[in-house]
Amino acid sequence: MKRELNFEGSSPLLYLIATPIGNLKEVSPRAIEVISEMDFVAAEDTRNSGKLLSLLGIKKPFISCHEHNEEEASEKIVKLLLEGKKVCYMSDAGYPTVSDPGVRLVRKCLENDIKISVVSGPSAAINALACSGLDSTHFYFQGFLPPKEQERNRVLNDLAKREETLIFYESPHRIALTLIAMAATLGNRKAVLARELTKTHEEFVRGTLPELAALDPASLLGEMVIVVEGKTNSPTEITDDQIALALRDELEWGRTSKEAIASVAKNSGVPKNRVYAIYLSNFKE
């Protein structure tokens, strides 16, 4: 065991900088002070971070450290820190390591007795939760769901059992399928979709998951956070609307009607003849 105060002692230290999620005025005076003191700024995207530093009037040499080169970049950053250089790391928006690169860098630093400190800032997940009106006593942060249908549905089925409020991230090109899958798996729960947080067009859409699933995807621009009510103790029954949404999800993934009906019946435990009847009333011309 090693114990050493972060801002005392001889061990080098890596700063993680939480950056604005939309409104650049949310960059903190401390973040500006710390960045100004650095010898190098490591960044997920040097172009985006370059724009931020330019607005702050700060010029620093950059080190690119993103999802695809994090192992290699981490070695370089650790070497600089061990040589006595001052380095910070920032992702495009929000906190590094939270649904963003940085975890491998932090682990590599810790393996080399390099301390870690965070310069606090905005978090899309916390902003959305605070404004959702849903229970914030306990919450579970999922972030992005897996992109593959089978893995995504497995995760949603596991999350359906949790009583905490659920928090997800999603992008515009996947939001429609994600909302359909959530409504089909999690049911008629209260939910809030938050988009463009802290920006001019910030919006909170409040309703139930089936209502959110019916939104026009063309109206859902920007990065989004979905906050969903946790499981309640009241008994739940799979509704016809849930089955219809599950069928729609299967069909969106390119399944034939026969394949979709069989899959929904198997995954939901609902008799196949009921699923078929719902298919006929909702999708058969």
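The legends below describe close-up views of a predicted model.

Local features are taken where pLDDT is at least 70 and side-chain atom pairs where pLDDT is 80 or more, while totals for chains, interfaces and linings use all residues. Residues are numbered from 1 along each chain as its sequence is written, and side-chain values use heavy atoms, with hydrogens and water left out.

**View 1. The protein chain as a whole.**
The protein chain has 11 helices and 10 strands. Along the principal axes, the C-alpha atoms fill a box of roughly 70 × 40 × 35 Å. Of the 285 residues, 44% count as buried, where buried means under 20% relative accessible area, exposed over 50% and partly exposed in between, with a 1.4 Å probe and protein chains only. Contact means heavy atoms within 4.5 Å. Among the contacts with a separation of 6 or more, 71% come from residues 24 or more positions apart.

**View 2. The open sheet β6-β7-β10-β8-β9.**
This sheet is made of 5 strands in mixed pairing; two strands pair if DSSP finds at least two bridges between them. Strands β6 (139–144) and β9 (203–208) are the edges, each pairing on one side only. On average, neighbouring strands of the sheet are turned by 15° against each other, direction ignored. Strand β7 (residues 165–170) is joined to β6 in the parallel sense by 5 bridges. In this pair, F168 of β7 is the bridge partner of G143.

**View 3. Helices α5 and α7 on the sheet.**
Helix α5 (residues 124–132) lies across β6, β7, β8 (190–195), β9 and β10 (224–228), at about 45° to β10. Helix α7 (residues 175–186) lies across β7, β8 and β10, and runs at about 5° to β10. Axes here are lines fitted to C-alpha atoms, for helices over the stretch in contact, and angles run from 0 to 180 degrees between N-to-C directions. The buried residues in α5 are A124, A125, A128, L129 and S132. They line one face of the helix, because they fall within an arc of 125° when seen down the axis of α5; the arc is that of the directions from the helix axis to the C-beta atoms. These buried residues pack against β6, β7, β8, β9 and β10. G133 follows α5 and has a positive phi, near 80°.

**View 4. L186 in helix α7.**
L186 lies in helix α7 and is buried, with a relative accessible area of 7%. Leaving aside neighbours within four places in sequence, L186 is in contact with L156, L159, A160, L166, L209, V228 and Q242. K86 is 100 residues apart from L186 along the chain, and their C-alpha atoms are separated by 47 Å.

**View 5. E196 in the loop between β8 and β9.**
The loop between β8 and β9 contains E196. This residue counts as buried because its relative accessibility is 16%. Not counting residues up to four places away in sequence, E196 touches H201, E202, L221, G222 and E223.

**View 6. Strand β4 and its partners.**
In β4, V87 and Y89 point one way, C88 and M90 point the other way, and all are buried. In a regular strand the side chains alternate between the two faces of the sheet. β4 pairs with β1 in the parallel sense over 4 bridges, and Y15 has C88 as its bridge partner in β4. β2 also runs parallel to β4, joined by 4 bridges; here the partner of A43 in β4 is M90.

**View 7. The buried side of helix α1.**
Helix α1 (residues 29–37) has A31, V34 and I35 buried. They lie on the same side of α1, because they cover an arc of only 100° around the axis. The elements covering them include β1 (13–17), β2 (40–43), α2 (46–56), β4 (87–90) and β5 (115–119).

**View 8. The crossing of helices α9 and α11.**
The axes of α9 (residues 240–252) and α11 (residues 272–282) come within 10 Å and cross at roughly 75°. That makes α9 roughly perpendicular to α11; angles under 35 degrees count as roughly parallel, over 145 as roughly antiparallel, 65 to 115 as roughly perpendicular and the rest as oblique. D240, I243, A244, L247 and L251 of α9 meet R274, V275, I278, Y279 and N282 of α11. The residues of this contact divide into 7 nonpolar, 1 polar and 2 charged, with Ala, Val, Leu, Ile, Met, Phe, Trp, Tyr, Cys and Pro counted as nonpolar, Asp, Glu, Lys and Arg as charged, and the others, Gly among them, as polar.

Methods
Helix = DSSP H or I, 4+ residues; strand = E, 2+ residues; numbered from the N terminus.
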